[in-house]
Amino acid sequence: MTDDDARQVVLKVLGEIAPEVELETVEPKTSFRDQFDIDSVDFLNFVIGLHEATGVDIPEADYPKLSSLEGAAAYLVAHTRS
C-alpha cells in the first residue's frame, strides 16, 4: 500500500464515521480529536473501519498512532508491506 492509498483509505473511513467532516480540510499532522468533534466511540468505529478496509489487525496499544491523518496513513503503510 502506498502512502497515497493509505491516505485515501483513512479519509474514506473518516468520512463514513464523521460525515460532517470536510475531508479536503483535514490537517495531516493535527489529531482528529483536535480538529473534529470525534468521541471515543467514533474513534473506535474509525479503528474498526480501518481494519475492515485493510485487513490490518490494530491492537489497542497502537490506537494513539492512528490519531492523525499522517499517523494513520503511516501505520497502514508499515503494516501492509508484504
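**Labels and their criteria**

Guide: The side chains of Glu16 and Lys12 form a salt bridge, with N and O 2.6 Å apart. Before going further, note that this is a predicted model, in which local features need pLDDT of at least 70, side-chain atom pairs count only at pLDDT 80 or more, and totals for chains, interfaces and linings use all residues. Residues are numbered from 1 along each chain as its sequence is written, and side-chain values use heavy atoms, with hydrogens and water left out.

Visitor: Why is the pairing of Glu16 and Lys12 called a salt bridge?

Guide: The term requires a side-chain nitrogen of Lys or Arg within 4 Å of a carboxyl oxygen of Asp or Glu. The N to O separation for Glu16 and Lys12 is 2.6 Å, so the pair meets the 4 Å criterion. The two residues are four apart in helix α1, about one helical turn. Helices (H or I, at least four residues) and strands (E, at least two) are DSSP runs, numbered from the N terminus.

Visitor: How many salt bridges does the structure hold?

Guide: There are three salt bridges. Asp3 pairs with Arg7, the closest N and O atoms being 3.1 Å apart; both residues lie in helix α1 (residues 3-17), four residues apart. Asp62 pairs with Lys65, where the closest N and O atoms are 3.4 Å apart.

Visitor: What makes Asp62 count as buried or exposed?

Guide: Buried means under 20% relative accessible area, exposed over 50%, and partly exposed in between (1.4 Å probe, protein chains only). Asp62 has 14% relative accessibility and therefore counts as buried.

Visitor: Where is Ser68 found, and what is it in contact with beyond its neighbours in sequence?

Guide: Ser68 is in the loop between α3 (40-54) and α4 (69-79). Its relative accessible area is 9%, hence the label buried. Contact means heavy atoms within 4.5 Å. Leaving aside neighbours within four places in sequence, Ser68 is in contact with Pro28, Lys29, Thr30, Ser31 and Phe32.

Visitor: How do you know that the buried residues of α3 line one face?

Guide: The buried residues of α3 are Phe43, Phe46, Val47, Gly49 and Leu50. Seen down the helix axis, they fall within an arc of 160°, so they line one face of α3; the arc is that of the directions from the helix axis to the C-beta atoms. Val41 and Glu52, on the other side of α3, are exposed. The buried residues of α3 pack against α1, α2 (32-35) and α4.

Visitor: What makes the protein chain as compact as a globular protein of its length?

Guide: The protein chain has four helices and zero strands. Its radius of gyration is 11 Å, close to the 12 Å that the globule rule gives for 82 residues, so the chain is as compact as a globular protein of that length. The radius is taken over C-alpha atoms, and the rule is 2.2 Å times the number of residues to the power 0.38. Of the 82 residues, 35% count as buried.
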